[in-house]
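Please keep the model in view while going through the numbered points.

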Amino acid sequence: LWSLGAFADARPLHERALAIRERALGADHPDVAQSLQNLAVVLQAQGDLAAARPLLERALATRGRLLGADHVDVAFSANNLATVLEELGDGAAARSHYERALAVFERSLGRMHPHVATVLNNLARLLQSHGAHAEAMPLHSRALAIREATLGPNHPAVATSLLNIGGALEQQGALS
């Protein structure tokens with residue numbers, strides 16, 4: 001339902017799954033953290049950022065405590081929290097979480113993984129929105145290189161990176 005954009009239909013199912021998991025597994029379980037994250041993503045898609053944030057903070061804390069700081073699920077939670085913080089206007093906190101996600105993905109999956117490219121793209125977008133074009137461009141370029149190498153030159157994610165680079169150049173006035 002979420003992937004179909006039926007967020008209003010998906011939300012009560014995620015709420016119910018979270019309640020069941022908390023009752024059955026206790027509040028401090030990786031599956032509960034996954035349900036927190038799933039519900040938060042739906043809330044974010046519905047524009048309810050204030051409700052999504054504490055769920056993502058709880059998921060990140062739980063995963064970090066149970067799985068260890070370098071687990072890929074911690075990176076996913078940090079990246080998702082960063083996107084909400086960015087939308088809420090807290091650029092400094094968003095940057096910190098993007099950088100945490102990037103470091104974990106690089107250590108866990110390697111520097112050339114598509115998840116690394118996704119976080120590079122997110123961090124570059126944040127920097128660009130705050131006028132840090134010189135910092136953003138190398139990240140955009142690196143994301144493009146990773147995506148071309150791992151996904152192939154005709155993948156939609158490559159197109160996204162190309163559009164991001166074009167937009168960054170346009171913002172800098174490099175295109176005429």
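1. A residue counts as buried when its relative accessible area is under 20%. Glu106, at 19% relative accessibility, is therefore buried. Its side chain forms a salt bridge with that of Arg111, at 3.3 Å from N to O. Please bear in mind that the model is predicted.

2. Two packed helices are described by the angle between their axes and the distance between the axes. For helix H4 (residues 72-87) and helix H5 (residues 91-109), the angle is about 160° and the axes lie 8 Å apart. Angles over 145 degrees count as roughly antiparallel, and H4 and H5 are therefore roughly antiparallel to each other. Their crossing is left-handed.

3. Which residues of H4 and H5 meet? Among them are Val72, Phe76, Leu81 and Glu86 in H4, and Ala93, Tyr98, Val104 and Leu109 in H5. By class, this contact has 15 nonpolar, 4 polar and 2 charged residues.

4. Glu86 also pairs with Arg125 through a salt bridge of 2.7 Å, N to O. This pair links distant parts of the chain, since Arg125 lies in helix H6 (residues 114-129) and Glu86 in helix H4, 39 residues apart. Glu86 is buried, with a relative accessible area of 17%, whereas Arg125 is partly exposed at 35%.

5. Within helix H5, Arg95 and Glu99 are 4 residues apart, about one turn of the helix. Their side chains meet in a salt bridge of 2.8 Å, N to O. Arg95 is partly exposed at 29%, and Glu99 is partly exposed at 35%. Salt bridges with shared partners join Arg95, Glu99 and Glu135 into one network.

6. In the whole structure, the search finds 10 salt bridges.

Methods. Residues are numbered from 1 along each chain as its sequence is written. This is a predicted model: local features need pLDDT of at least 70, side-chain atom pairs count only at pLDDT 80 or more; totals for chains, interfaces and linings use all residues. Side-chain values use heavy atoms; hydrogens and water are left out. Axes are lines fitted to C-alpha atoms, for helices over the stretch in contact, and angles run from 0 to 180 degrees between N-to-C directions. Helices (H or I, at least four residues) and strands (E, at least two) are DSSP runs, numbered from the N terminus. Angles under 35 degrees count as roughly parallel, over 145 as roughly antiparallel, 65 to 115 as roughly perpendicular and the rest as oblique. A crossing is left-handed if the near helix is turned anticlockwise from the far one by less than a right angle, and right-handed if clockwise. Contact means heavy atoms within 4.5 Å. Ala, Val, Leu, Ile, Met, Phe, Trp, Tyr, Cys and Pro count as nonpolar, Asp, Glu, Lys and Arg as charged, and the others, Gly among them, as polar. A salt bridge is a side-chain nitrogen of Lys or Arg within 4 Å of a carboxyl oxygen of Asp or Glu. Buried means under 20% relative accessible area, exposed over 50%, partly exposed in between (1.4 Å probe, protein chains only).
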